[in-house]
Amino acid sequence: MSDYNGGYSNYNSGYNNYNGGGFRNNDRNGGGNGGFRGGRGGRFGGQRREVERVELTTPEWDLDSLPKFEKNFYTEHPDVAARSEDDVRQFRKENDMTIEGHDIPKPITSFDEAGFPDYVLSEVKQQGFPKPTAIQCQGWPMALSGRDMVGIAATGSGKTLSYCLPLIVHINAQPLLKHGDGPIVLILAPTRELAVQIQTECSKFGSSSRIRNTCIYGGAPKGQQIRDLARGVEICIATPGRLIDMLETGKTNLKRVTYLVLDEADRMLDMGFEPQIRKIVDQIRPDRQTLMWSATWPKEVKNLTRDYLVDPIQVTIGSLELSASHTITQLVEVVTEFEKRDRLVKHLEIATTDKEAKCLVFASTKRACDEITSYLREDGWPALAIHGDKDQHERDWVLREFRSGKAPIMVATDVAARGIGMYTLAF
């Protein structure tokens with residue numbers, strides 16, 4: 001473990017130098033931020049002007065006076081149209097797919113059947129995906145049809161692409177943004193990590209259409225986010241708290257939003273975001289298209305669906321009941337508090353016999369997360385920690401080190417529960 005430990009010391013030192021040097025002692029900011037955490041009193045050398053905030057209220061919508069927009073872009077492929085109802089039923093059964101609602105489009109079985117324009121299809125094929133996932137097979141026709149919809153599938157099943165590709169088609173059919181316009185597409189996500197992951201996918205598939213996006217989340221400087229919004233973006237990916245801040249200070253508006261996505265809706269409600277979500281959705285024209293994606297289907301998500309989706313259609317992959325993933329081998333050991341850390345080290349010794357393996361250790365609290373990380377590092381393990389009290393630069397750095405394999409052990413709270421884009425975890 002000595003190589004690991006020495007390497008980690010360098011990483012840690014490098015990160016601290018990065019923060020303690022150029023970032024935390026920026027001459028432009030009047031001598032820095034007082035060590036970033038030590039105080040911000042002298043940041044600009046003078047008093048900061050308070051930005052006027054306006055409490056958000058629900059507008060009175062007059063649908064007749066609102067500009068019309070197109071949201072149904074689905075044309076059924078001849079091969080799909082030719083499939084019998086028996087074939088469709090068999091396909092849905094094989095993929096553990098359940099649907100609810102009326103006039104639901106038949107599922108597709110290949111990228112070519114999805115009905116995407118060539119500029120979208122070519123981007124997908126370049127990524128080398130062999131075929132659509134189950135949620136994409138049914139979700140794409142539903143999303144392209146312009147209907148309000150609910151998609152329920154396990155985390156990592158391809159839900160992001162299920163709404164990402166249809167939104168590109170949606171944006172390209174709308175009038176160009178004018179000065180002062182807000183985004184056309186709004187995607188709400190529960191955590192910074194998931195928001196950044198979504199932005200990566202939007203950038204990857206929207207580049208050919210020159211679709212601009214920005215990611216709005218707390219824990220990072222507002223300056224660049226405000227500049228992105230001022231220049232105009234077609235896609236805004238946001239966590240609820242920071243977006244409300246931008247709306248109340250007049251940095252953006254949601255008058256142009258016609259495609260709304262609530263991603264990992266159950267997680268957002270678990271984190272207590274329901275009041276913020278309702279406040280945000282009330283700012284958007286009611287005839288928008290709303291797509292809700294979730295890994296589970298609790299009553300809180302059902303209530304939100306009932307209040308904000310109009311005549312929705314729904315697809316569920318797998319069971320609505322919480323169950324263990326069939327792709328993961330789960331071992332449960334009942335041990336005393338005293339034995340926990342010794343057992344953790346034993347499992348890490350087994351896991352790291354494979355030099356390519358990455359290990360993700362979950363802790364219930366931020367304090368436990370830091371304590372376990374310190375314990376492992378003192379014992380020579382290359383562990384890094386990530387939780388909500390870490391600033392965004394450090395969280396991004398930790399994720400980069402973990403994904404690259406330079407620090408193959410990450411100790412985390414539930415901020416890493418969804419959306420970190422890891423497909424090679426061993427333990």
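How many aromatic pairs does the structure hold? This predicted model holds three.

Start with Phe111 and Trp140. Their rings form a tilted pair, 5.9 Å centre to centre, with 45° between the planes. Phe111 lies in the loop between strand S1 (97-100) and helix H4 (118-126), while Trp140 lies in helix H5 (residues 134-144), so the pair ties together parts that are 29 residues apart in sequence. Phe111 is buried, because its relative accessible area of 7% falls under the 20% cut-off. Trp140 is buried too, at 0% relative accessibility.

Trp140 has another partner. With Phe116 it forms an edge-to-face pair: 5.2 Å centre to centre, 85° between the planes. Phe116 lies in the loop between S1 and H4 and Trp140 in helix H5, so this pair ties together parts 24 residues apart in sequence. Phe116 is buried, with a relative accessible area of 7%. Phe111, Phe116 and Trp140 form one aromatic cluster.

Now turn to a charge over a ring. Arg341 lies over the face of Tyr375. The distance from the ring centre is 5.2 Å.

A search of the whole structure finds one cavity of 30 Å³ or more. The largest cavity holds about 30 Å³ of space. Which residues line the largest cavity? They are Val80, Arg83, Val88, Phe91, Lys106, Pro107 and Thr109. By class, this lining has four nonpolar residues, one polar residue and two charged residues.

How values were computed
Residues numbered from 1 in each chain as written. Predicted model: local features only at pLDDT ≥ 70, side-chain atom pairs only at ≥ 80, totals over all residues. Heavy atoms only, no water. 1 Å grid on protein atoms, 1.4 Å probe; cavity = no way out; pocket = protein on both sides within 12 Å on 5 of 7 lines; lining within 4 Å. Points joined across faces, edges and corners; volume = space filled by probe spheres on them. Nonpolar A, V, L, I, M, F, W, Y, C, P; charged D, E, K, R; others polar. Phe/Tyr/Trp six-rings, centres within 6.5 Å; stacked < 30°, edge-to-face > 60°. Helix = DSSP H or I, 4+ residues; strand = E, 2+ residues; numbered from the N terminus. Buried < 20%, exposed > 50% of the residue type's maximum accessible area, 1.4 Å probe, protein only. Lys NZ or Arg CZ within 6 Å of the ring centre and 35° of its normal.
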